[in-house]
Amino acid sequence: MKQQINLELMGFIEKDILPRYTAFGASHGLSHVTRVIRNALELVGPTGADINMVYVIAAYHDLGMAGPRAIHHLTGGKILAADARLKKWFSPEQIRVMKEAVEDHRASASHAPRSIYGKIIAEADRDLDPSTVFRRAVQFGLENEAEQNAIQQWERFEKHMEEKYSVHGYIHLWINNSPNEKNLKELRRIIADKIELHRWFDKLYAEETAAATIRDSKGNSNRPLKTSRKS
């Protein structure tokens, strides 16, 4: 029988957890966390994982973005473990496993996730559709390096793509035959073709700067503070 998310738990997450992502900008905001939740839930069936645990891990996975990004995965794990409200639905052991899964989701982690839950959230967080990857990278650059001009943004974008997603990059996939495998292959093909990669950047940079101008003209005061963090 197909698992169903506990409706009371879902109500709590939607009311008290997901709205916190509105503070994290376009690159790590509500659209990102809802996409990660959707991706993670699609992996429940093939892995046999507990759907409620997967749902919570996905919902909490980037809450650590409220602090330094370099340790956001560790901060997120602490936030989950410290949330006493979760004791209503989960045992101490389940909460420990969920905390470790949040800690293990970061793409640059030097070790494999410690459980199937960590592997699921790490895989779900890697939405490797090229247009999504490129747009989020452009958004993050504009949000956090707003003083840089277009050439500097391109240089930052290209460096990030090489370091993370290229054939020499640090990204790892932990679940065999996932949809990410095909997307990563296409992503690497584009990254290797600098002319095509630059075309992607130019298109998305124009779209995102135009969107930012519209937001500013409407007096949007909720833009994230500029930092020097890396995406």
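Modeller: His61 sits in the loop between H4 and H5. Helices here are DSSP runs of H or I with at least four residues, strands are runs of E with at least two, and both are numbered from the N terminus. This is a predicted model, where local features need pLDDT of at least 70, side-chain atom pairs count only at pLDDT 80 or more, and totals for chains, interfaces and linings use all residues. Residues are numbered from 1 along each chain as its sequence is written, and side-chain values use heavy atoms, with hydrogens and water left out.

Is His61 buried or exposed? His61 counts as buried because its relative accessibility is 0%. Buried means under 20% relative accessible area, exposed means over 50%, and partly exposed lies in between (1.4 Å probe, protein chains only).

Now its surroundings. Leaving aside neighbours within four places in sequence, His61 is in contact with Tyr21, His32, Val33, Val36, His72, Val102, His105, Ile121 and Asp125. A contact means heavy atoms within 4.5 Å. Two polar contacts stand out for a reader to find. The side chain of His61 pairs with that of His32 at 3.4 Å. The side chain of His61 also pairs with that of Asp125, at 3.3 Å. A polar contact is a pair of N or O atoms within 3.5 Å; within protein, one must be able to donate a hydrogen and the other to accept it, and residues adjacent in sequence count only if both atoms are side-chain atoms. His61 and Arg106 are 45 residues apart in sequence, but their C-alpha atoms are 9.3 Å apart in space.

Next, His105, one of the contacts of His61. His105 is in the loop between H6 and H7. His105 also counts as buried, because its relative accessibility is 0%. Its side chain makes a polar contact of 3.3 Å with the side chain of His72. Not counting residues up to four places away in sequence, His105 touches His61, Asp62, His72, His73, Ile121, Ala122, Asp125 and Arg126.

Back to H4. Ten of its ten residues are buried. Their cover includes H1, H2, helix H3 (44-47), helix H5 (72-82), H6 and H7. At the N-terminal end, Asp50 caps H4: one of its side-chain oxygens lies 3.0 Å from the backbone nitrogen of Asn52.

In the largest nonpolar core, of 40 residues, Ile13, Val56 and Tyr60 touch the most other members. Helix H1 (7-17), helix H2 (30-42), helix H4 (51-60), helix H6 (92-103) and helix H7 (116-125) each supply at least two of its residues. H4 gives the most, with nine. A nonpolar core is a set of buried Ala, Val, Leu, Ile, Met, Phe, Trp, Tyr and Cys residues joined through side-chain atoms within 4.5 Å. Not counting residues up to four places away in sequence, Ile13 touches Leu18, Pro19, Tyr55, Val56, Ala59 and Tyr60.

Finally, the whole protein. It has eleven helices and zero strands. Buried residues make up 47% of its 231 residues. The mean pLDDT is 89, and 91% of residues reach 70 or more. pLDDT is the predictor's confidence in each residue, from 0 to 100. Over residues 221-231 the pLDDT is below 50. Where pLDDT is low, the predicted coordinates should not be read in detail.
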